[in-house]
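Have the viewer open and follow along.

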Amino acid sequence: MMLTPSVKPVFAMDDAKKILGDAVLRSSDDMIEFTYNDVKVTLYTNGSLMFYHFTDLDLATRYCDEIRARISPRMKVTI
């Protein structure tokens, strides 16, 4: 499942990678793949978060808010 913010957030991928630290599995200029609470997630430059093999919308929304709060306090998911 992918959740995308209604307004494109402003954040630097390099900064996000540093903040996510050891959880990062791989990254490029366009994405950062990492684990969060044992879920594989990919963050894209538009602020979208892709959850792999995960279908709990309420929990994914909470995880989005937690992840985005770490990366950029102004990011908020809207469904």
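**Salt bridges, one by one**

Start with E33 and R26, whose side chains form a salt bridge with an N to O distance of 3.4 Å. The term here means a side-chain nitrogen of Lys or Arg within 4 Å of a carboxyl oxygen of Asp or Glu. Keep in mind that this is a predicted model, with local features needing pLDDT of at least 70 and side-chain atom pairs counting only at pLDDT 80 or more, while totals for chains, interfaces and linings use all residues. Residues are numbered from 1 along each chain as its sequence is written, and side-chain values use heavy atoms, with hydrogens and water left out.

Now stay on E33 and look for K40: these two side chains also meet in a salt bridge, at 3.8 Å from N to O. Put together, R26, E33 and K40 are linked in a salt-bridge network. K40, at 35%, is partly exposed.

Next, move to helix α2, residues 57-71; helices are DSSP runs of H or I, at least four residues, numbered from the N terminus. E66 and R62 both sit in this helix, 4 residues apart, or about one turn. Their side chains make a salt bridge at 3.1 Å, N to O. E66 is partly exposed at 29% relative accessible area, and R62 is partly exposed too, at 47%.

By this rule, the count is 3 salt bridges.

Notes:
Buried < 20%, exposed > 50% of the residue type's maximum accessible area, 1.4 Å probe, protein only. Helix = DSSP H or I, 4+ residues; strand = E, 2+ residues; numbered from the N terminus.
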